[in-house]
Amino acid sequence: MGSARAPQSSPPVAWGEFLLSQLFLGAVVVLHRLWEIHPFLPLPGYGGNIFETIAFHGPLALVANWPALTRLRASRGRFPRLAAFLAIFPAIGLDADHFLAAGTFEFLKVMNTDTPITHSLAFAGMLAAFVGALSERRYHAWLVGNGLLTHLGLDLTDSPIPLMPYLWPFPSPYAPPWVGFAVIEMSLILTWFLSRSSLLRIPPLSSGVWPSAHHPGPRPAPPSA
Ligand SMILES: [Zn+2]
């Protein structure tokens, strides 16, 4: 009854933010499908592959990790650039493994070489654990692993592809495209829930109050002379 609002120790549910993430996720996936059906840029050789990797895998990893990045921004009072880099770069860089597997940059040879075992859940988990051990920040590990997960998910939507060692070291069955879409959707929903729990160890605001219409959050200190 008219009592003062207690400071919130956990972030409020921001459904608008979630729906926006969903919308962007859907837009990237739909544009990627259109690209797969009919590439809208005439890019010879590696051009189309490089465009696909940068234009779709990068934004998808960013969108799926967005709930965690916004929590970090609220916690820090500034955009977490290192976290955003970790969210996006491994998801783009993963396709470099095709060249390593082929041992050459020759286009036809690379295209005809089986996708290497690094396109697998096991590798995504290992790289995430490695980053987590290096940075000692659990959310860094999640951002890397989740970015790679969206990459694998988007690749799976091109299925049936027999070449993807998704479940390496176990044999990977042919999967219908909906499996890939489900993986991508799961990566966003998981990030959403985890970033609102203590599991990712995203530090709360120093005041213990998450930004809202009533509590805009701490202002950055003015630069000292
Ligand atoms: Zn790939």
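The points below are notes on a predicted model of one protein chain.

1. Basis. Residue numbers start from 1 along each chain as its sequence is written. Because the model is predicted, local features need pLDDT of at least 70 and side-chain atom pairs count only at pLDDT 80 or more, while totals for chains, interfaces and linings use all residues.

2. Confidence. The mean pLDDT (the predictor's confidence in each residue, from 0 to 100) of the protein chain is 82, and 83% of the residues score at least 70. Among the helices, α3 has the highest mean, 95, and α5 (residues 107-111) the lowest, 80.

3. Where pLDDT is low, the predicted coordinates should not be read in detail.

4. Elements. The protein chain has eight helices and zero strands. Both kinds are DSSP runs numbered from the N terminus: helices are H or I with at least four residues, strands are E with at least two.

5. Of the 225 residues, 30% count as buried. The cut-offs are 20 or more other C-beta atoms within 10 Å for buried, 12 or fewer for exposed, and partly exposed in between, with C-beta atoms placed from the backbone. Among contacts with a separation of 6 or more, 70% are between residues 24 or more positions apart.

6. Core. The largest nonpolar core holds 38 residues, of which L60, A68, Y139 and L143 touch the most other members. Such a core is a set of buried Ala, Val, Leu, Ile, Met, Phe, Trp, Tyr and Cys residues joined through C-beta atoms within 7 Å. Two or more residues come from each of α1 (15-37), α2 (47-76), α3 (81-93), α6 (121-135), α7 (138-156) and α8 (177-194). The largest share, 10 residues, is that of α7. Beyond four places in sequence, A68 is in contact with Y139, W142, L143, T191, S195, L200 and I202.

7. Helix α2. This helix bends by about 60 degrees at W66, and a proline, P67, follows within four residues. The bend is the angle between axes fitted to the seven residues ending at a position and the seven starting there. The end C-alpha atoms of α2 are only 38 Å apart, whereas a straight helix of 30 residues would span 44 Å; the expected span is 1.5 Å times one less than the number of residues. Just after α2, G77 has a positive phi of about 85 degrees.

8. Helices α6 and α8. The 15 residues of α6 reach 21 Å from first to last C-alpha, close to the expected 21 Å. For α8, 18 residues reach 26 Å, close to the 26 Å expected. The buried residues of α8 are G180, V183, I184, S187, L188, T191 and W192, and they pack against α1, α2 and α7. An α-helix has 3.6 residues a turn, so residues three or four places apart point the same way.

9. Loop between α1 and α2. L41 lies here. L41 counts as exposed because it has 10 C-beta neighbours inside 10 Å.

10. Loop between α7 and α8. This loop holds L167 and P169. L167 is partly exposed, since 13 other C-beta atoms lie within 10 Å. Leaving aside neighbours within four places in sequence, L167 is in contact with S120, L121 and S172. I117, 50 residues apart from L167 in sequence, is 8.9 Å away, C-alpha to C-alpha. W168 and P169 are joined by a cis peptide bond, with omega about 10 degrees.

11. Segment after α8. R201 belongs to this segment and has a positive phi of about 55 degrees although it is not a glycine. Most residues other than glycine have a negative phi, and most peptide bonds are trans. R201 is exposed because 12 other C-beta atoms lie within 10 Å.

Note on methods
Contact = placed C-beta atoms within 7 Å.
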